[in-house]
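Here are my notes for a first look. Please keep the model open as you go through the points.

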Amino acid sequence: MKLNVKRTILVGFAFLSISAFWQMYDNKIPLILQNTFGLNETITGTIMAADNILALFLLPFFGGLSDRCQSRIGKRKPFILTGTLLAVALMIFLPIIDNKYATAPTAFLPILFIVILALTLIAMGTYRSPAVALMPDVTPKPLRSKGNAIINLMGAIGGVLFLIVNTVIYSGSKISDGHINYLPIFLVVAGIMLVSLFIVMFFVNEPKLAAEQAEYESAHPEEQLTEMDDSGKKEIMPRPVRKSLIFLLLSVAFWYIGYNAVTTWFSVYATNQWDMSDGNATLCLTIATVGAIATYIPSGVIAGKIGRAKTIKIGAALLSSAFAVAFIYTLFATSFHWSLYIVFVAVGIAWALINVNSLPMVVEMCSGGDIGKFTGYYYAFSMSAQVITPILSGTLYRVNPKTLFIYAAVAVLISFTTMLFVKHGDSKFQAKTGLEAFDMED
């Protein structure tokens with residue numbers, strides 16, 4: 001059994017599009033809110049958290065809705081098509097309103113900006129779960145970790161594309177020079193999203209691939225964790241599988257609580273406590289990202305050999321240990337030392353081991369008709385964590401900045417503990433050994 005890498009890459013363009021947008025959103029929207037409209041940090045932070053709050057409701061809803069969709073082009077592609085086009089059409093107005101306010105400010109324009117931003121976030125929320133669900137829709141269960149590794153890699157490429165273009169366009173721009181026109185970067189990201197949409201719509205034959213996957217599932221009933229009810233018409237989840245799902249989703253929440261606390265507050269900690277420049281502080285997080293990207297593909301291979309659950313537990317143990325080491329360092333050091341780069345490489349590696357295998361474990365527990373809904377559950381728990389943890393860890397940070405890393409270490413340790421109760425959702429496929437483990441179709 002081999003993963004069709006070419007097909008998975010084509011499917012991954014949907015996630016590349018999403019990642020490019022969110023990278024731009026996180027980078028540019030706070031600058032517009034604060035530097036153009038003059039909003040303070042509290043209001044800006046509240047607005048920036050809106051996407052996570054909306055996601056709690058939108059992602060499970062539209063994921064489940066796409067499960068029930070029946071169209072000529074498939075279940076997921078109608079949502080990907082409509083959501084992308086709406087998001088692109090709406091987001092272009094954001095820098096236009098920003099530029100208009102900079103030249104002729106009126107009280108109406110900030111309100112219009114917030115309304116358009118909210119509509120853009122809703123548009124993005126309509127197709128995130130369907131886009132992510134497309135990979136498991138067309139990939140056999142034993143190969144979904146490898147598939148998800150490629151999807152994560154495509155998402156990283158989307159983020160890197162934005163960073164490269166942004167650096168080229170705005171390398172000499174400074175806020176002190178006056179208002180900055182962000183329309184060019186919005187147009188470039190819109191172009192990336194439209195090109196990605198074109199590739200998915202014209203080169204991914206969802207109905208054909210879904211039919212092939214249904215054929216595979218019917219030929220391998222032993223891989224299904226659901227069972228039929230007494231009437232023989234409805235699939236239900238057995239109680240032990242439901243217990244595993246609950247503990248897995250709790251694990252998802254806790255490792256996001258720990259990881260997101262560090263990604264949110266580390267730059268603040270490093271600049272204030274260690275007197276680092278913002279660029280050097282960001283470099284640590286960049287190194288962690290590079291470590292994760294380098295580990296995406298190997299983590300899928302490792303899971304094929306030892307199982308997803310063991311791979312995730314290794315990742316959680318490594319991540320918690322890395323944060324614990326960083327905490328111990330903060331107790332004795334008052335400045336940054338290069339050895340911490342090693343810690344952040346470990347953070348990236350650990351995060352890849354966890355992140356690549358967690359979504360496949362969640363969707364492994366559902367029937368083929370519920371993949372969108374279960375993808376939504378996964379994102380609901382991860383987004384809930386990302387709503388809670390900046391507030392909770394920020395409160396502790398204000399009490400004592402040294403709590404940052406121990407908070408993260410304990411949260412991830414809890415996720416390791418809850419993973420001990422997850423007994424289902426692992427791959428039953430045993431990967432080949434040696435170089436054969438990398439044997440995948442073009």
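1. Helix 10 against helix 13. This is a predicted model. Start with a pair of helices: helix 10 passes helix 13 in a left-handed crossing. Helix 10 covers residues 239–273, and helix 13 covers residues 340–364. Their axes come within 11 Å and cross at roughly 150 degrees. Angles over 145 degrees count as roughly antiparallel, so helix 10 and helix 13 are roughly antiparallel to each other.

2. Who makes that contact. Helix 10 contributes L245, L248, L249, W255, Y256, Y259, V262 and F266. From helix 13 come F344, V347, W351, I354, N355, S358, M361 and V362. By class, the contact of helix 10 with helix 13 has 14 nonpolar residues, two polar and no charged ones.

3. Helix 3 against helix 14. Here the axes come within 7 Å, and the crossing angle is roughly 175 degrees. Helix 3 runs over residues 50–67 and helix 14 over residues 371–399. The angle makes helix 3 roughly antiparallel to helix 14. On the helix 3 side, the contact includes N52, I53, A55, L56, G63, G64 and D67. On the helix 14 side, G372, K373, G376, Y379 and A380 are among the residues involved. The contact of helix 3 with helix 14 divides into ten nonpolar, eight polar and two charged residues.

4. Y269. Where does Y269 sit? Its place is in helix 10. Is Y269 buried or exposed? Y269 has a relative accessible area of 2%. Buried means under 20%, so Y269 is buried. Leaving out residues up to four places away in sequence, Y269 touches W274, T330, Y397, P401, K402 and L404. Take P401: Y269 and P401 are 132 residues apart along the chain, yet their C-alpha atoms are separated by 6.9 Å.

5. Cysteines. How many disulfides does a search of the whole structure find? It finds zero. Two cysteines are worth a look. C69 counts as buried because its relative accessibility is 17%. C284 is at 0% relative accessibility, so C284 counts as buried too.

6. The whole chain. The protein has 442 residues, and buried residues make up 54% of them. Its secondary structure comes to 15 helices and two strands. Consider the contacts with a separation of 6 or more: residues 24 or more positions apart account for 82% of them.

Conventions
Residues numbered from 1 in each chain as written. Predicted model: local features only at pLDDT ≥ 70, side-chain atom pairs only at ≥ 80, totals over all residues. Heavy atoms only, no water. Disulfide = S-S within 2.5 Å. Buried < 20%, exposed > 50% of the residue type's maximum accessible area, 1.4 Å probe, protein only. Axes fitted to C-alpha atoms, helices over the stretch in contact; angles between N-to-C directions. Helix = DSSP H or I, 4+ residues; strand = E, 2+ residues; numbered from the N terminus. Parallel < 35°, antiparallel > 145°, perpendicular 65-115°, else oblique. Left-handed = near helix turned anticlockwise from the far one by under 90°. Contact = heavy atoms within 4.5 Å. Nonpolar A, V, L, I, M, F, W, Y, C, P; charged D, E, K, R; others polar.
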